[in-house]
Amino acid sequence: MMTFEDFASAQSFLLIAGFVIAFIMGAVVNKTHFCTMGAVSDWVNMGDTGRFRAWGLAIGVALLGVVVLEMLGMVTADGSYPPYRNGQLIWVENLIGGILFGIGMTIAGGCGNKCLVRIGAGNLKSILVFLIIGLVAYFMLNPFPGSDKTLYSVLFYPWMNPLAINLGDSQDLGTLLAGADNAKITRLVIGGVLGLALAWLAFKSKDFRSSSDFAVGGIVVGLCVLAAWYVTSNISVNIDDQPYSLSQYYSEWDMLAESEAGKPALGAALAPQSFTFINPMGQAVGYAAGGFNSGLLTFGLMAFFGVAAGSLAWALVSRTFRIEWFASWADFTSHVIGAGLMGIGGVLAMGCTVGQAITGVSTLAIGSFIAFAGIVLGSALTMKVQFYQMMYEEEASFAKALITGLVDLKLLPESLRKLEKV
């Protein structure tokens with residue numbers, strides 16, 4: 001437990017730690033070309049699973065670490081921000097949000113994390129992508145000016161919310177299978193088996209073992225996610241020899257603090273958490289709109305800055321920093337559409353390729369697995385549609401390309417194929 005004598009010191013440590021860990025992640029992701037969209041692309045288009053195995057390894061490392069440290073009382077994933085283990089399973093939002101995010105990241109050429117890495121490496125296109133994601137994500141969660149309506153409340157809440165399933169205290173596999181009393185040991189068993197299986201699947205491949213970048217990228221990203229869980233779970237403020245977590249201190253601010261000075265604007269963001277990048281992009285928009293008020297700084301926002309800074313540092317050291325801009329209006333349009341879909345999908349799914357597929361899955365939350373599957377499906381299917389429309393041109397209508405892509409992914413029977421396999 002990292003204990004501080006006052007809230008300001010504890011919060012400062014939280015923010016600095018978020019930046020430093022994310023800085024390491026950004027540098028390593030840039031160096032190793034760790035890319036989740038690229039992982040799906042390599043698999044779908046070339047049958048190359050190297051980067052997909054690296055993604056799986058990152059999940060396995062984070063998952064193993066969380067279930068072990070949670071068993072030891074060193075990580076607290078219950079009551080996290082966002083609430084991965086919430087007893088309300090918003091499966092429709094997880095699935096549709098994941099699919100939309102997968103489509104968006106494919107059209108825009110990368111996920112939220114990759115967007116930040118590219119910004120650091122000099123890609124100006126990614127700045128526009130970030131701004132659109134951030135703006136859309138912000139208004140998905142915050143009211144429009146002069147209104148009490150959000151984009152989410154207008155377009156999605158009325159029909160999605162009634163479809164949520166109440167699973168009781170928690171939606172994590174440990175609690176669902178063994179009950180709250182035996183949840184930790186059950187998570188340890190399930191997480192241990194899954195984590196080791198993912199590591200074995202990665203290293204069993206000769207091609208994977210032949211590239212140190214795959215292993216380094218997967219292991220470091222997984223450890224960074226774990227490190228964030230550990231740090232955010234173990235910061236406390238000492239009040240009369242009684243430790244208060246940052247969330248506890250915030251909830252009792254009027255009793256513990258001498259004034260409102262230094263009180264963060266968002267108490268939920270002080271809970272245990274790890275890396276996710278779509279909501280922090282929305283927070284970045286709010287931070288700028290709020291006049292860069294320090295009360296709006298969060299762990300996620302500092303992680304946002306850290307990834308971009310780490311990527312920039314590696315780009316400068318390796319002399320790979322390059323200014324890039326749109327090649328055409330079509331390129332511009334696809335990035336705008338893709339960014340908008342990522343902003344909507346990332347909020348609905350409650351995370352991105354890191355926020356749900358690695359951080360969320362490390363909590364063994366069912367919704368995270370659903371979101372992960374949706375992201376992969378949306379991305380893979382978009383690539384299939386793009387491929388068939390490119391190969392067959394006018395003959396390949398969107399419907400034909402979509403049905404054929406679903407057949408290729410074995411989600412529809414071969415008898416329904418509309419275009420010959422290339």
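Which helix holds Thr 333? Thr 333 lies in helix H17, which covers residues 329-349. The legends below describe close-up views of a predicted model.

**View 1. Thr 333 in helix H17.** Thr 333 is partly exposed, with a relative accessibility of 37%. That value falls in the class because partly exposed lies between the limits of 20% for buried and 50% for exposed. Thr 333 and Ser 211 are separated by 122 residues in sequence. From C-alpha to C-alpha, Thr 333 and Ser 211 lie 35 Å apart in space.

**View 2. An open sheet of three strands.** The strand order is S1-S4-S5, and the pairing is mixed. Strand S1 (2-4) and strand S5 (242-245) are the edge strands. Each of these edge strands pairs on one side only. From one strand to the next, the twist averages 40°. Helix H1, residues 7-32, packs on the sheet and touches S1 and S4. The direction of H1 makes about 170° with that of S4.

**View 3. The pairing of S4 with S5.** Strand S4 spans residues 235-239. S4 and S5 run in the antiparallel sense and are joined over four bridges. Asn 238 has Pro 243, in S5, as its bridge partner.

**View 4. Helix H15 packed against helix H16.** H15 covers residues 278-289, and H16 covers residues 299-317. Their axes are 9 Å apart and meet at an angle of about 95°. H15 is therefore roughly perpendicular to H16. From H15, the contact involves Pro 280, Met 281, Gln 283, Ala 284 and Tyr 287. These meet Gly 300, Leu 301, Phe 304 and Phe 305 of H16. By class, the contact has seven nonpolar residues, two polar ones and no charged ones.

**View 5. The aromatic pair of Phe 275 and Phe 299.** The structure holds 24 aromatic pairs. Phe 275 and Phe 299 form a stacked pair, with 5.7 Å centre to centre and 25° between the planes. Phe 275 lies in the loop between helix H14 (253-256) and H15, while Phe 299 lies in helix H16, so the pair ties together parts 24 residues apart in sequence. Phe 275 is buried, at a relative accessible area of 1%. Phe 299 is also buried, at 1% relative accessibility.

**View 6. An aromatic cluster.** Trp 43, Phe 52, Trp 55 and Phe 372 make up one aromatic cluster.

**View 7. Helix H20 and its buried residues.** In H20, Ala 401, Thr 404, Gly 405, Leu 406, Val 407 and Asp 408 are buried. The buried residues of H20 pack against helix H19 (366-392). Just after H20, Lys 410 takes a positive phi of about 65°.

**View 8. The surroundings of Leu 406.** Leu 406 belongs to helix H20, residues 398-408. Which residues does Leu 406 contact, leaving aside its neighbours within four places in sequence? They are Leu 381, Leu 411 and Leu 412. Leu 416 is ten residues from Leu 406 along the chain. The C-alpha atoms of Leu 406 and Leu 416 are separated by 9.4 Å.

Notes
Residues numbered from 1 in each chain as written. Predicted model: local features only at pLDDT ≥ 70, side-chain atom pairs only at ≥ 80, totals over all residues. Heavy atoms only, no water. Pairing = 2+ DSSP bridges. Helix = DSSP H or I, 4+ residues; strand = E, 2+ residues; numbered from the N terminus. Axes fitted to C-alpha atoms, helices over the stretch in contact; angles between N-to-C directions. Contact = heavy atoms within 4.5 Å. Parallel < 35°, antiparallel > 145°, perpendicular 65-115°, else oblique. Nonpolar A, V, L, I, M, F, W, Y, C, P; charged D, E, K, R; others polar. Phe/Tyr/Trp six-rings, centres within 6.5 Å; stacked < 30°, edge-to-face > 60°. Buried < 20%, exposed > 50% of the residue type's maximum accessible area, 1.4 Å probe, protein only.
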